[in-house]
Amino acid sequence: MSKCLKRWAKQVALAVTMIYLSRGRAFDADIHNKASQLIKSTEGFASPLRAHLHHIVVAYLVLEDEPVAQGLVRLNANQQALVQEKFWKSAYTYLGGLVMEAPEEAKRARGLYDAMKAQQPFLTSSEDIPYVVLLGRREGNLKERA
């Protein structure tokens, strides 16, 4: 793992290590590098998946139960659903898409985001997208959850 992680920033290497440890899985540099190449070959040059989020997303996709290519398609569909719900396309929409189970969750996330923004307009930002995706899964009154 150390050879593969040498060229990454320490924070990214630590995040990837924690992802593998939290899932109880060993790091496999060959599998990680193959998934990394798949993302680099399919994503656009300016995509956050090719920049600072790259190795974190690779780790998540490698550890999923589905093949990496399918996970990447699902991630992009989820991220597009968030953009269609008028979230700004950013690294946060990709993180939100990573934790989404289906594109249909985007509408609930938007409703919760709007409720949060109404109550705390100066504190709610794009950084809250992954948070509202996760909270959007819960049942209950939007205003109470906001």
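Reader: Leaving aside its neighbours within four places in sequence, with which residues is Leu 95 in contact?

Author: In this predicted model, Leu 95 is found in helix H6. Its C-alpha atom is separated by 8.9 Å from that of Leu 75, which lies 20 residues away along the chain. Once the neighbours within four places in sequence are set aside, the residues in contact with Leu 95 are Leu 53 and Pro 130.

Reader: Is Leu 95 buried, partly exposed or exposed?

Author: Buried means under 20% relative accessible area and exposed means over 50%, with partly exposed in between. The relative accessible area of Leu 95 is 26%, so this residue is partly exposed.

Reader: Which element gives the most residues to the largest nonpolar core?

Author: This core has 22 residues, and those that touch the most other members are Val 16, Tyr 20, Ile 39, Leu 49, Val 57 and Leu 61. Two or more residues come from each of helix H2 (10-23), helix H3 (29-42), H4, H5 and H6. With seven residues, the element that gives the most is H4.

Reader: Which residues does Leu 49 contact, leaving aside its neighbours within four places in sequence?

Author: Leu 49 is among the residues of the largest nonpolar core that touch the most other members. Beyond its neighbours within four places in sequence, Leu 49 is in contact with Ile 39, Glu 43, His 54, Val 57, Leu 72, Leu 75, Asn 76 and Tyr 94.

Reader: How are H4 and H5 oriented to each other, parallel, antiparallel, perpendicular or oblique?

Author: The axes of H4 and helix H5 (residues 68-84) come within 8 Å and cross at roughly 120°. Angles from 65 to 115 degrees count as roughly perpendicular and those over 145 as roughly antiparallel. The orientation of H4 and H5 is therefore oblique.

Reader: How many nonpolar, polar and charged residues make the contact of H4 with H5?

Author: On the H4 side stand Val 57, Leu 61 and Val 62, which meet Val 68, Gly 71, Leu 72 and Leu 75 in H5. By class, the residues of this contact are six nonpolar, one polar and no charged.

Reader: What is the handedness of the crossing of H3 and H4, left-handed or right-handed?

Author: The axes of H3 and H4 come within 9 Å and cross at roughly 115°. As H3 passes H4, the crossing is right-handed.

Reader: How do the residues of the contact of H3 with H4 divide by class?

Author: H3 contributes Ile 31, His 32, Ala 35, Ser 36, Ile 39 and Lys 40, while H4 contributes His 54, His 55, Val 57, Val 58, Ala 59, Leu 61 and Val 62. These residues divide into eight nonpolar, four polar and one charged.

Reader: What is the phi of Lys 86?

Author: Lys 86 is placed in the loop between H5 and helix H6 (91-99), and it is exposed, with a relative accessible area of 65%. Most residues other than glycine have a negative phi. Lys 86 is not a glycine, yet its phi is positive, at about 75°.

Definitions and conventions. Residues numbered from 1 in each chain as written. Predicted model: local features only at pLDDT ≥ 70, side-chain atom pairs only at ≥ 80, totals over all residues. Heavy atoms only, no water. Axes fitted to C-alpha atoms, helices over the stretch in contact; angles between N-to-C directions. Helix = DSSP H or I, 4+ residues; strand = E, 2+ residues; numbered from the N terminus. Parallel < 35°, antiparallel > 145°, perpendicular 65-115°, else oblique. Contact = heavy atoms within 4.5 Å. Nonpolar A, V, L, I, M, F, W, Y, C, P; charged D, E, K, R; others polar. Buried < 20%, exposed > 50% of the residue type's maximum accessible area, 1.4 Å probe, protein only. Core = buried A, V, L, I, M, F, W, Y, C linked by side-chain atoms within 4.5 Å. Left-handed = near helix turned anticlockwise from the far one by under 90°.
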